[in-house]
Amino acid sequence: MDAIVALAKRRGFIFPSSEIYGGLNGFFDYGPLGAELKKNIRDCWWNDLVRRRDDIVGVETSIIMHPKVWEASGHVAGFTDPLVDCKVTKQRFRADQLFFAEVVVDGKTVGHVSAVESDDTARDLQEMAEYFKRKKAIQGTLAPVVAREFTTAKPEEVPLIPSPVTGNPGDLTEARAFNMMFQTNVGAMTDASSVAYLRPETAQGMFVDFKSVVDTGRVKLPFGIAQIGRSFRNEITPRNFIFRSREFEQMEMEYFIHEEADWAKCHQEWIEWCRQWLLSIGLPESHLSLYAHPKEKLAFYSKGTVDIMFKYPFGVQELWGIAARGDYDLKQHATCSGKPQEIFDEATKRKFVPHVIEPAVGVDRILLAALCAGYAEDEAPDEKGKLEKRIVLRLSPRIAPVKVAVLPLLKNKELLTARARELYRKLQRRYAVFYDEAGAIGRRYRRQDEIGTPWCVTIDFETIEKDGSFTLRDRDTMAQRRIHEPELFALLEEKVY
Ligand code: ATP
């Protein structure tokens, strides 16, 4: 992760937000390359899902909506994380990310240890228990620790569990529900009547606009409404770089189906569509897995949720959630607004509320997955043929921020630079391309490898003096071959779509 974060900063993909003021935890800025990469991810999703399908339309709804929306959706009452405070240091923890264990020696509990969730929380707790026993000079055999989530602590256990910061029992509060929605006020008054929220998900925009789309959009079941936009969650512990932040971007789609449709089949189809889409933008199959939420942990209205998980360097984590939500959301809005959210069934001549399948993914999490999977260190020959370390970002041409770098072999040969610039201008009309004439050619290749540019073309004397062909160099294989301009455009047409 350190190498990826360093590269992201060094090459202008991602910076901490407001860095000159020390940054703001949980907020990030995308630099020139990051902004391109992110836009490409969004565009691929939008093109594949909205433009290239006949059954899905796109919307863009407002970030601040009527506060009743969030009462109807259940977010005001239930969009909470369990929060624990350290009374001494004022540090806050998510109770479901805080673990504790009893220290048991010769069958007797002699104390407790605690740790914040890590790659191997059980091992951390075991080491702490051993340290505890040594420090207190307790004789006997230490039992293997049993890690428990703080959320499972009984009230009488809480005072016995040490704070992970101070190490002292009694410093932690009991867990309490903390609502993650950011509040603001609309208009000049700042009283209860003006309270509004920054949306914690984009999905409610699609539900609230359901009738408007049906009445104006000539859509027929089954159909989807999709949206890309910012969401905001006051996460207690933003972490793992851009994986969990407080302002992030979501790509969500509500796929409405007949109340009697085979929802399980439709759910499966969308899981597979999402998986295939991730492969199409270059995420390796070996890093993807599925996690079906156990029935007993589902919300009461949910028929099933499957997450597509990604193997990040910090562990296997949720990338994309695909939920079968029944008719819960539309029915809630119908009840709370008093406006029916129904559709007319021509076949049976009656009205009903459609059910929905919801694939919801974060753009930032996809971008991070692409950086993590694409980052590699290998070796490449330098100018003199000596092997040196190379950093390469193996991004799919579909999402790479720069598609082609155009390089004249020499900077001071007008014939070469003029032809290179001409090609550059031509490519630029359709693709994000880069012109670079500074430095040795090998170093220029290396600069492009590091930012994930799939191809470099080099204009040399053969281009001018012979048949106009130029060298095409492949980022991953480093192989070079000569091609002509129409072939280059054909290659781009095939790979960048
Ligand atoms: P998590 O369990 O990781 O908090 P969630 O189950 O609450 O996520 P959803 O509400 O299903 O997430 O949101 C849909 C998608 O939005 C997630 O799969 C993820 O890709 C993205 N997402 C959610 N929260 C964040 C966040 N704080 N930062 C970045 N992306 C997020």
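Me: Which hand does the crossing of α11 and α14 have, left or right?
Reply: Helices α11 and α14 make a right-handed crossing. Keep in mind that this is a predicted model.

Me: At what angle do those two axes cross?
Reply: Roughly 30°, and the axes come within 12 Å. Helix α11 covers residues 414-428, and helix α14 covers residues 485-495.

Me: Which residues make that contact?
Reply: From α11 they are Arg419, Leu423, Lys426 and Leu427. On the α14 side, Glu485, Leu488, Phe489 and Leu492 take part.

Me: And how many are nonpolar, polar or charged?
Reply: The contact of α11 with α14 has five nonpolar residues, three charged ones and no polar ones.

Me: Next, α2. How is it placed against α8?
Reply: Helix α2 (residues 32-51) packs against helix α8 (residues 263-280) at about 135°, with 11 Å between the axes. The two helices are therefore oblique to each other. Their crossing is right-handed.

Me: Which residues of α2 and α8 are in that contact?
Reply: Helix α2 brings Ile41, Cys44, Trp45, Asp48 and Leu49. Helix α8 brings Trp270, Trp273, Trp277 and Ser280. By class, that is seven nonpolar residues, one polar and one charged.

Me: What about α2 and α10, at what angle do they cross?
Reply: Their axes cross at roughly 110° and come within 10 Å, with α10 spanning residues 363-374. That angle is why α2 counts as roughly perpendicular to α10. The crossing of α2 and α10 is right-handed.

Me: Which residues of α2 meet α10?
Reply: Gly34, Leu37, Lys38, Ile41 and Arg42 of α2 do. They meet Val363, Asp364, Ile366, Leu367 and Leu371 of α10. Sorted by class, the contact has six nonpolar, one polar and three charged residues.

Me: Switching to the ligand. How many residues surround it?
Reply: It is surrounded by 14 residues, the closest being Arg233, Glu235, Arg244, Ser245 and Glu318.

Me: Which atom of the ligand lies 2.8 Å from serine 245?
Reply: A nitrogen atom of the ligand, and on the protein side it is a backbone N or O atom of serine 245. Phenylalanine 243 also has a backbone N or O atom 3.3 Å from a nitrogen atom of the ligand.

Me: What does glutamine 250 put by the ligand?
Reply: A polar side-chain atom of glutamine 250 lies 3.1 Å from an oxygen atom of the ligand.

Me: Now the backbone. Is the peptide bond from leucine 221 to proline 222 cis or trans?
Reply: It is cis, with omega near -10°. For context, most peptide bonds are trans.

Me: Where is proline 222 found?
Reply: Proline 222 is in the loop between α7 (210-216) and β12 (223-232).

Me: Is phi of aspartate 106 positive or negative?
Reply: Positive, near 50°, in a residue other than glycine. Most residues other than glycine have a negative phi.

Me: And where is aspartate 106 found?
Reply: Aspartate 106 is in the loop between β6 (98-105) and β7 (108-116).

Methods. Residues are numbered from 1 along each chain as its sequence is written. This is a predicted model: local features need pLDDT of at least 70, side-chain atom pairs count only at pLDDT 80 or more; totals for chains, interfaces and linings use all residues. Side-chain values use heavy atoms; hydrogens and water are left out. Axes are lines fitted to C-alpha atoms, for helices over the stretch in contact, and angles run from 0 to 180 degrees between N-to-C directions. Helices (H or I, at least four residues) and strands (E, at least two) are DSSP runs, numbered from the N terminus. Angles under 35 degrees count as roughly parallel, over 145 as roughly antiparallel, 65 to 115 as roughly perpendicular and the rest as oblique. A crossing is left-handed if the near helix is turned anticlockwise from the far one by less than a right angle, and right-handed if clockwise. Contact means heavy atoms within 4.5 Å. Ala, Val, Leu, Ile, Met, Phe, Trp, Tyr, Cys and Pro count as nonpolar, Asp, Glu, Lys and Arg as charged, and the others, Gly among them, as polar. A residue is near a molecule or strand if one of its heavy atoms lies within 4 Å of it. A polar contact is a pair of N or O atoms within 3.5 Å; within protein, one must be able to donate a hydrogen and the other to accept it, and residues adjacent in sequence count only if both atoms are side-chain atoms.
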